[in-house]
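Keep the sequence and the 3D view side by side.

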Number of protein chains: 2
Amino acid sequence: MTEALIYLDPDSRLNLQSQIRQKLVDAILAGTFPGGSRLPSSRKLAGQLGVARNTVVLSYEQLIEEGFIESRERSGIFVNEEILPERIEPGLGTSIDPESDQYWRQKVRTEVSGKHGYELPGNWQSYAFPFIDGQFDDSLYPTPQWREASRMALGARIFRDSSIAEMDADDPLLIEEIRTKMLPRRGISARADQILITPGEQNALYLITHLLTDESVSVVVEEPGNPRMRQLLHQQKATVLPQPVDENGMVINTDLDLAQIIYVTPSHQVPTAVTMPMQRRRALLKKAHKLDQLIIEDDFEHEINYEGQPHPALRSLDTHNRVIYVSALPRVLAPGLRIGFIVASAGLIGEIRRLRQLAIGRPSLINQRTAALFLSLGHYDSFMMRLRTEMQLRWFELGEALNHYHGRAVVTIPNQGGTVFWVHAPENVDVEVLTEEAARQGILIEADTHYYAGRRKSRNWFRMGVTSIPGERIREGVRQLRDLMWDLGYGNKVMLDENDPGLLKGEALKEMITGATLIYRTHFFENCTIILHEDGSMTGRAGKNDEDRDSGKWWIENHVWHRHWNKWAYGEAKAYRITVKDGKISWYNLSGRLADRAEIIPAKN
Amino acid sequence: MTEALIYLDPDSRLNLQSQIRQKLVDAILAGTFPGGSRLPSSRKLAGQLGVARNTVVLSYEQLIEEGFIESRERSGIFVNEEILPERIEPGLGTSIDPESDQYWRQKVRTEVSGKHGYELPGNWQSYAFPFIDGQFDDSLYPTPQWREASRMALGARIFRDSSIAEMDADDPLLIEEIRTKMLPRRGISARADQILITPGEQNALYLITHLLTDESVSVVVEEPGNPRMRQLLHQQKATVLPQPVDENGMVINTDLDLAQIIYVTPSHQVPTAVTMPMQRRRALLKKAHKLDQLIIEDDFEHEINYEGQPHPALRSLDTHNRVIYVSALPRVLAPGLRIGFIVASAGLIGEIRRLRQLAIGRPSLINQRTAALFLSLGHYDSFMMRLRTEMQLRWFELGEALNHYHGRAVVTIPNQGGTVFWVHAPENVDVEVLTEEAARQGILIEADTHYYAGRRKSRNWFRMGVTSIPGERIREGVRQLRDLMWDLGYGNKVMLDENDPGLLKGEALKEMITGATLIYRTHFFENCTIILHEDGSMTGRAGKNDEDRDSGKWWIENHVWHRHWNKWAYGEAKAYRITVKDGKISWYNLSGRLADRAEIIPAKN
């Protein structure tokens with residue numbers, strides 16, 4: 001009998017001794033070995049299981065110490081009869097099917113919509129190209145550093161610390177680390193009593209909206225904007241005022257005047273990832289002060305800018321304590337650690353603390369101490385440095401790939417960094433169909449639908465993120481997405497007309513492009529200039545200040561223009577057929593599909 | 001300079017290498033060592049700090065690997081200039097004082113009372129006699145077992161588990177362990193989709209009340225009862241219907257008919273610790289079904305009964321899925337682990353899951369997995385066994401001490417177990433004054449005030465718990481509390497009148513008590529019978545079935561009655577002076593204070 005019960009799993013993370021102990025405990029508690037029954041001798045069990053006798057002896061010894069079994073002299077090992085004094089036979093009834101969902105819907109007083117935003121497929125990790133934001137691939141998790149902090153936190157006997165004996169006090173070490181290590185990165189100085197820990201950023205927003213809003217309060221939310229924030233406000237019966245977003249983030253105008261509270265994501269606007277410039281930040285603060293408005297600044301994704309200096313948080317510019325700053329430890333740590341925090345006026349923090357105590361109690365102190373140690377050992381800083389480097393590589397890779405494969409068929413909104421691109425699809429694209437079809441082919445992208453208030457209607461944007469996809473898969477994913485769009489009839493449908501009078505061949509082709517300058521824009525709205533030198537070399541420059549430069553070779557073979565950049569276009573040779581008309585050059589790939597267009601200034605001009 | 005910055009703390013839990021690294025990180029991030037500045041050589045720093053050079057070398061190597069510092073060939077060790085690219089100078093303003101609390105009070109839409117219940121002093125661990133419930137002394141924390149589970153959870157790569165990739169799914173291992181190990185102890189069988197994890201029990205109640213109540217709903221709460229539940233209902237603007245409690249828990253009568261929801265703590269009623277008998281449980285369920293009422297069963301303190309079998313939970317008897325069962329992992333684990341759970345109809349669990357996701361998100365998976373492993377390794381069962389044994393010892397010790405020192409000056413409500421006594425003070429006692437004065441003398445007891453709805457008015461009960469006070473301090477704490485009550489003029493104020501005609505001396509005393517039987521009741525309402533045999537021995541029996549027996553010696557010396565039990569009264573000799581009148585014997589201690597009274601049946605009768 002024992003043999004059948006104890007299957008030792010060679011792939012288990014438990015060692016043999018732990019496995020044996022666990023299986024025996026299960027069997028004892030399940031009543032398979034009733035109290036008072038005799039277990040096989042360690043010699044016999046070891047023989048059955050094919051393990052060293054000592055392994056069984058050690059398992060038994062631990063179980064004896066824990067009181068599950070007892071050793072009776074000269075009789076053997078028996079299950080302790082006392083181990084189950086509180087075990088009760090199940091009553092009737094609970095095995096009966098629950099009442100219908102209908103029943104509960106009629107009992108429920110607070111309607112909670114099931115959809116709070118993008119519904120990530122449960123098995124997203126099995127998709128080949130998960131261009132989603134907010135999940136992280138395993139490789140980024142700082143496992144050894146986290147383990148070190150965790151091990152130390154468990155040994156810290158934090159419960160003895162009288163400074164946290166107040167039932168609603170946070171770990172003072174964590175508060176201090178946030179105050180001195182995280183907030184200075186955002187330009188914020190704060191006292192300890194202006195900081196409160198929450199179990200995650202979502203809960204921070206929940207507590208704030210729960211406390212500050214009701215049906216009499218109007219709150220501005222960016223449009224497109226965070227769907228979870230809108231959901232929280234709906235719960236509170238507050239009025240949501242959608243405010244448009246442009247390339248500089250939320251638009252500041254008199255439409256804001258109607259609100260008591262303004263919710264804003266200035267670092268990287270959700271979902272577009274654009275950054276609000278300083279001038280607009282100051283204008284927002286000025287207006288809020290004039291109208292006695294409160295601002296909720298959601299800075300969850302710390303400002304990761306790859307171009308230019310990050311801007312200080314609104315909170316750091318706020319001279320009147322109107323800004324309620326919400327942030328969190330990096331999301332990559334989130335599956336195991338839900339630590340968010342709020343920085344605000346001490347008066348408000350006190351109110352939120354009382355609500356937190358009533359609603360959830362103090363966030364786990366061991367988690368708080370683990371996070372504090374992770375910060376104080378310097379792991380946070382070195383981790384963020386690594387994370388930034390990795391995200392920057394991926395983000396550039398995605399931008400390159402979009403530019404290379406989609407050209408101007410899709411347009412991304414210019415931004416300075418972060419982990420996502422907000423991509424505008426051509427007018428004939430149905431983004432919801434595209435998203436569904438892409439998922440079927442292993443490509444996860446996020447349709448814009450749920451980012452808009454009111455009717456769930458796509459405005460033809462979608463979102464691609466880089467946190468969960470390894471850098472080396474980005475290019476292939478974007479290529480496959482392009483092919484899918486083609487298959488669906490989207491994108492550049494223009495095909496080469498073999499009878500096009502502008503189609504250039506032989507000498508005419510050579511004459512037109514030798515020494516010519518091509519000028520066009522990338523889908524990032526950046527200028528790009530290419531010169532095809534007479535010696536067969538070519539040079540290119542792109543970027544806002546032409547800072548992105550490359551060189552390569554070009555040649556003509558069989559009426560086809562070949563070009564080969566050293567770095568650009570993945571340093572791969574490409575072949576195109578060319579038409580020129582009215583000072584515009586178009587190049588088509590060998591299947592006849594339009595690749596891109598530019599202005600052309602021939603050499604002779 | 002370095003020397004002054006790096007103070008190595010011999011008492012630190014960090015090893016020297018970690019301390020050096022941490023201090024250097026602090027100094028670099030604080031800007032004390034600016035980017036590009038040169039650090040002392042490892043040889044020099046080791047000399048300054050008096051540590052082995054290799055310790056410094058290892059610290060430096062780790063910092064180099066993490067990018068904080070860099071080694072330049074033949075030049076030395078320098079602070080990496082790139083380490084602080086995102087550091088921003090603090091803006092103005094946030095150092096300015098917050099607006100007044102008044103300002104925030106006017107902004108707040110949801111009033112949260114600051115008092116949710118007993119306000120535990122922050123430094124309770126420094127009190128000599130903390131008779132409080134719900135805190136646990138360090139000695140009970142299962143540190144090694146918890147560490148084992150925690151270490152394994154960190155290595156489990158739980159994030160890769162596709163079964164928890166649904167963003168609102170709980171750890172299936174924890175659900176399974178609760179389902180098969182914890183719930184059977186309460187007689188409950190449940191499917192996985194009938195269980196939801198919450199970060200602590202308070203949050204479970206919060207989510208349930210938030211979902212199921214509003215201003216149109218009336219909820220029965222025991223009186224006295226859980227003040228936090230009343231607070232949650234006030235937040236929801238629900239009507240609270242206080243329902244009296246007697247020795248068998250909440251009274252079941254037609255007053256319940258007005259409610260849609262009934263909140264009840266049948267295992268150990270909060271605060272009185274009485275247990276509801278089966279018959280009343282069935283009556284409650286029958287009524288609820290008849291009137292289509294919901295029941296919230298709060299079983300936070302698992303039924304720890306020392307007398308008799310524990311009763312199955314209401315949920316296990318419920319054939320109609322009306323009971324919403326709330327419980328948690330043992331409170332002793334709570335400082336580091338906030339894991340509560342709800343068992344209810346799958347339909348309701350789905351609704352609560354959605355609200356949980358909106359309000360707080362999924363409770364930390366690493367915490368869930370740690371708890372799951374703690375259960376699956378059998379640590380939970382052996383831990384509960386130890387805890388029960390320890391609590392039982394303390395609980396009996398407290399009962400004994402109350403009986404011995406307070407006699408019938410105080411009366412405790414009879415209960416079958418748990419970790420508290422609900423004590424009724426004599427009528428002339430002001431419980432709030434007593435509580436305050438006791439705290440001043442190092443004795444923490446809890447006044448009844450906040451357990452009653454409406455006016456905060458004491459009804460002369462107080463609460464003494466044993467979870468936080470080591471067993472060996474209980475007796476002395478109770479003795480000092482008795483002395484304090486005497487000092488305050490409370491309790492037995494009756495003093496011996498030297499001219500009392502009933503005062504017995506010499507032969508009269510001897511004749512009266514030799515062979516006499518004394519009959520009285522303990523403050524637990526138990527009978528106690530003492531026989532003073534002629535040979536100078538004495539026997540006593542007490543308890544519901546006379547199961548508590550002892551014997552000892554008695555004698556007379558200088559007109560004083562001496563008695564010496566073997567076990568009772570701590571096995572100590574005591575001396576009393578005696579009066580007898582109208583069949584009642586009174587004994588006074590040598591300071592003349594009345595100790596107790598009994599009926600006396602002389603031998604000759």
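Helices (H or I, at least four residues) and strands (E, at least two) are DSSP runs, numbered from the N terminus. This is a predicted model: local features need pLDDT of at least 70, side-chain atom pairs count only at pLDDT 80 or more, and totals for chains, interfaces and linings use all residues. Residues are numbered from 1 along each chain as its sequence is written, chains are lettered from A and ligands numbered from 1 in the order in which they are written, and side-chain values use heavy atoms, leaving out hydrogens and water.

Start with the backbone. In chain A, A:Asp292 sits in the loop between α10 (278–290) and β10 (294–298). Its phi is near 55°, a positive value in a residue other than glycine. A:Asp292 is partly exposed, with a relative accessible area of 30%. Here buried means under 20% relative accessible area, exposed over 50%, and partly exposed in between (1.4 Å probe, protein chains only). B:Asn558 also has a positive phi, near 50°. It belongs to the loop between β21 (548–557) and β22 (560–565) of chain B. B:Asn558 is exposed, at 68% relative accessible area.

Next, the cis peptide bonds. One joins B:Glu223 and B:Pro224, with omega about 0°. B:Pro224 is in the loop between β6 (218–223) and α9 (227–235) of chain B. Another runs from B:Val270 to B:Pro271, with omega near 10°. B:Pro271 lies in the loop between β9 (261–264) and α10 (278–290) of chain B.

Now find a sheet in chain B. Three strands form an open sheet in the order β1-β3-β2, with antiparallel pairing. Two strands pair if DSSP finds at least two bridges between them. β1 (38–39) and β2 (69–72) of chain B are the edge strands, each pairing on one side only. Four bridges join β2(B) to β3 (residues 76–79) of chain B. In this pairing, B:Arg72 stands opposite B:Gly76.

Finally, the cores. A nonpolar core is a set of buried Ala, Val, Leu, Ile, Met, Phe, Trp, Tyr and Cys residues joined through side-chain atoms within 4.5 Å. The largest has 67 residues, and A:Phe131, A:Phe341, A:Met464 and A:Leu481 have the most contacts inside it. Helix α14 (residues 379–406) of chain A gives the most to this core, ten residues. Apart from it lies another core, of 66 residues, including A:Leu232, A:Tyr263, A:Ile352 and B:Val217.
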